[in-house]
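Morning, everyone. I'd like to walk you through a new structure.

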Amino acid sequence: MPAGSYKLQAISTGFKAEIRQGVDLTVGATITVNLSLQPGAVSETVVVTDQAPQVDTASSAISGVVGEHMIRELPLNGRDWLQLATLQAGVVGGLGQQSTQGSPTNSRAARGNGQNLYISGNRPTENLYLVDGLIVNDYANSSPGSGLNVNLGVDAVREFAVLTSGFSAQYGMTSGGVINAAFKSGTNNFHGTGFGFFRNSALDARNYFDGPSVPPFHRYQYGGAIGGPIKRDKIFFFGNFEGLQQALSLSENSLTLSNSARMGVVPNPNGSGTITVPISASIQPFLAVFPVANGKDNGDGTAFYTFPGAQTGHEYYAVGKVDFNLSPTTTFSASYQWDTSSLVAPDLFNQKLTGSPSNHDNVALSLQHFFTPNLLNTARLGVSHTYATDSEDTSALSPIATDTSLGFVPNKPVGVLTAGTLLTAGGLGASGADIFHFISYQASDDLNWVRGNHTLQFGFSFERITDNFSSVNLPFGEWDFGSVQDLLENIPLTFSSDQPGTNGGRSLGSDVYGAYAQDVYRVTPKLTITAGLRYETNTPVNEANGKVATLINLTDALPRLGGSFIGNGNHLNFAPRLGAAFDPFGNGKTSIRASFGLYDVMPLPYLFVNRTHGVPFYVTGVAQNPPGSAFPNGGLNLLTPQSSEVVYVQQNPPRAYNQAWNLSVQQQLTSDTALTIGYVGSHSVHIPLNIDDMDQVPPSLVTTAPNGQLIFPIPEGGKTSNIQRINPLYGRIEGMVWSDYSVYHGLLTNISKQLTHGFALQGTYTWAKSMDEGSATFSDNEYDNTVGPSYAFDLKLQKGVSDYNITNNLIVNGQWNIPVPSSLRGVARGVAGGWQLGGITQYHSGEPFSVRLTSDQAFTGNSRTHSSAGGQRPNFNPAPGCTTNAINPGQPSNYIKTSCFSFPAPGVLGDLGRNTLRGPKYVDVDASVFKNIPLIHDKYNVQLRAEAFNVLNHTNFRTVATGLFNKSGGILTSAGQLPAPTLTTSRQIQFGAKVVF
């Protein structure tokens with residue numbers, strides 16, 4: 001039934017009628033209401049006002065509900081209601097996501113615009129997002145955010161549930177968690193709000209990376225909502241609109257060439273001090289691509305370039321909903337949600353503007369009919385559409401961005417240049433925009449039948465997914481150099497480029513079928529057993545025009561053309577789920593709950609977007625050790641069939657699924673307070689894993705040293721172009737294998753006091769550990785702290801804590817309506833009354849990250865080691881004061897103890913593990929102060945609001961996979977520094993006003 005507050009009436013001959021008022025049914029919940037009829041005439045009525053239960057004695061799922069009051073009253077930075085999902089134990093949000101600030105390409109959208117939620121140790125692509133019963137996952141199977149990376153709708157969403165473990169068989173398309181939200185509906189009375197919020201940098205504190213003054217920032221959010229009757233007791237409506245406009249100046253802090261390097265002065269690769277090298281005549285014109293340094297010189301050929309950039313954006317959001325009571329037993333509901341947004345920001349050198357526009361359209365229809373009082377059917381139809389673009393270069397800020405004389409490909413501006421840790425964004429159009437048009441058609445039906453002590457549930461679902469997109473890789477080419485010295489002397493490492501005219505347009509599709517049967521059996525008044533079975537499968541993902549090309553075996557000469565990416569899909573996805581809830585004392589104040597279930601990881605289209613960049617339908621390639629004479633515009637001539645890229649996807653992969661279990665105890669402490677202590681565990685197997693380049697040295701040529709390190713043959717001349725790869729017919733093999741796993745253990749504590757006497761409080765604490773052999777779904781640089789495999793054919797080397805593993809996570813939120821002394825009257829009472837305080841405080845331990853090499857020192861053959869996706873790591877030095885977590889807490893400019901690591905010998909794979917280091921702790925305090933002013937007999941309320949985000953102005957540094965050595969083994973001084981931007985803003989203050997009626 002729809003979420004809401006219900007009145008329940010029970011009538012039986014010989015007993016007084018009982019009416020239970022205020023029975024609150026939250027979204028997706030199962031509740032128990034115990035009635036006790038008293039002897040008497042039916043004409044007599046006993047009215048009881050219900051109090052929301054503190055303990056769940058019916059469901060075994062670990063879950064929490066974020067109600068309308070919390071959504072409306074707690075401080076939210078950007079008014080993104082989905083942020084509140086992190087109030088629940090076992091949920092962490094926003095880790096490792098690429099920031100639109102300081103990004104060379106503004107490409108966060110390729111991995112989803114919404115906030116990543118990591119639920120019970122699962123990847124953010126394994127969650128299910130529902131609004132009014134409609135699946136609203138986007139093209140990346142992630143949360144449905146806008147181009148401004150927020151989910152608006154604070155005044156449109158009634159409430160949402162967060163299911164973190166043990167949910168029942170009615171939920172499919174997920175092996176992680178479920179976010180189940182419902183829009184508000186109209187009633188017989190008109191209700192609504194009007195609001196406006198604004199920010200100004202004059203009220204903000206300085207960020208750690210800001211210059212001497214705070215960059216200008218202006219944001220305005222405004223809108224309103226109204227709901228009421230179209231026809232009393234029959235037809236109701238609700239509507240909401242919200243607009244957001246912002247102009248944010250940024251303190252960008254990027255690596256560029258040092259001023260000494262421009263003169264040919266670089267670190268001595270064979271010792272201390274510096275040397276002077278001649279700058280190649282071919283390179284000289286390209287020094288202008290790197291802006292002149294105006295910040296700290298790192299002493300390794302790099303220095304910082306800072307500038308005040310300008311990020312502008314807007315978003316418009318609207319919701320409309322109609323509910324129609326067709327009869328006392330039949331209800332029809334329809335909702336429509338639309339939003340459009342655009343964000344434009346400068347690249348890291350302020351040479352061009354790059355944008356990320358987006359648009360969402362969601363339609364949800366439902367028809368609910370009671371055949372009998374104990375037989376309910378709900379039918380749903382819906383459509384979800386997402387348009388998004390990342391890395392869309394919009395305009396030039398510098399003539400360099402449009403100068404075709406610097407182009408690597410004919411008649412195009414300059415492409416991308418890298419040198420060790422240096423990276424440019426290229427000229428206008430070099431970013432390589434990805435454009436997504438994703439649409440999902442959905443239909444489902446659920447039947448609920450209450451028969452005695454059994455609640456039988458049956459249902460089926462169908463979803464047709466069509467993912468239309470255009471994706472390019474390197475349209476203007478990329479020259480990579482191993483170090484600043486190599487750049488100056490024109491000794492390139494690789495050249496990569498798409499062939500001009502290559503078409504990246506694709507249309508991927510799959511149909512998903514699901515069905516379930518479930519019995520919620522009230523064995524005794526104290527014990528409820530939930531047993532269900534879900535079956536789910538999807539047609540193998542194909543491309544509408546047959547543009548699928550994949551190697552069946554890594555050594556094949558030619559890819560197979562057409563058909564699906566994976567061959568035959570798995571059709572034995574039967575997922576049993578079993579749970580129990582036990583009320584040992586029968587008083588509804590104690591509940592012991594446990595569950596176990598299987599949850600499938602479906603091979604959906606989002607997995608294969610990056611598996612479309614292969615010959616013959618997409619022609620791109622990489623040339624190893626190209627001659628300097630080919631720079632800058634001779635690189636395309638080096639791209640032969642043997643240097644082209646091809647795709648490998650494991651055929652007929654095994655079933656990927658998650659085994660999840662939990663055990664928890666809930667205890668009501670007072671009439672409005674409950675405590676939950678629980679354990680959640682899971683083990684996922686055969687999880688898909690991306691490997692950016694599998695064309696590496698075959699295992700038969702690799703030996704193992706006595707200390708366990710892998711030894712690779714050193715190629716002739718020490719050139720990577722002479723490495724004997726597993727398939728010499730290609731330059732790179734982009735791979736997808738179903739070989740990953742994960743293991744998660746979490747201890748959860750949740751204490752919650754409902755809003756009574758003007759005070760509410762909730763606190764959650766999670767201790768967790770998540771292990772895997774890789775956390776990436778799309779690419780080897782998926783998150784800021786992701787590194788690819790150090791060797792593609794020995795993934796055990798990747799075993800470590802997950803990229804999103806947070807050991808300790810504490811979050812507290814609360815609200816207090818400050819009481820007014822009863823002695824105050826008149827004006828004094830009006831001034832002193834109506835004040836309200838609120839806040840959210842979060843602390844968690846730092847993110848894990850790795851240090852890596854920036855070259856293929858082991859000669860594995862991985863063409864991606866020079867990029868941010870490179871996974872080769874150094875050796876660990878067990879010297880005094882060194883651990884594998886070699887950090888200097890509290891020293892952001894010297895955070896990594898570089899002396900604890902050494903450069904491996906040629907042909908030797910470094911022995912340092914993955915994710916052995918930890919970033920700084922995260923602390924954030926958000927607070928609010930409201931003044932409520934009732935007007936016109938309390939029919940209207942004016943609320944004046946002041947909210948402060950990051951009240952303590954604590955600098956929450958982010959961590960990235962850090963390149964530690966250049967290709968000659970020299971320490972990169974800049975590597976020890978924590979990078980900009982920060983995970984949270986500096987302290988910012990927002991003022992607002994709302995009118996509620």
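Start with the secondary structure: the chain has three helices and 54 strands. Now the overall build. The radius of gyration is 30 Å, and the globule rule gives 30 Å for 997 residues, so the chain is as compact as a globular protein of that length. Keep in mind that this is a predicted model.

Next, the dimensions. Along the principal axes, the C-alpha atoms fill a box of roughly 105 × 65 × 55 Å.

How much of the chain is buried? Of its 997 residues, 59% count as buried. The accessible surface comes to about 36,600 Å². Carbon and sulfur atoms account for 59% of that surface.

Now contacts. Take the pairs in contact that sit at least 6 apart in sequence. Of those contacts, 75% join residues at least 24 apart.

A word on charge. The chain carries 58 positive and 68 negative charges. Their mean positions lie 7 Å apart.

Five strands form an open sheet here, in the order β4-β9-β10-β7-β8. The pairing is mixed. Which strands sit at the edges? They are β4, residues 62–66, and β8, residues 134–135. Each of these pairs on one side only.

Inside that order, look at β7 and β10. Strand β7 covers residues 128–131, and strand β10 covers residues 178–183. The two run parallel, joined by four bridges. For a specific example, find Tyr-129: its bridge partner in β10 is Ile-179. As background, strands of a sheet pair through backbone hydrogen bonds, either parallel or antiparallel.

That's the tour. Questions, please.

How values were computed. Residues numbered from 1 in each chain as written. Predicted model: local features only at pLDDT ≥ 70, side-chain atom pairs only at ≥ 80, totals over all residues. Heavy atoms only, no water. Rg over C-alpha atoms; globule rule 2.2 N^0.38 Å. Buried < 20%, exposed > 50% of the residue type's maximum accessible area, 1.4 Å probe, protein only. Contact = heavy atoms within 4.5 Å. Areas by Shrake-Rupley, 256 points an atom, 1.4 Å probe, with all protein chains shown as cover. Lys, Arg positive; Asp, Glu negative; His and termini not counted. Charge placed at Lys NZ, Arg CZ, Asp CG, Glu CD. Pairing = 2+ DSSP bridges.
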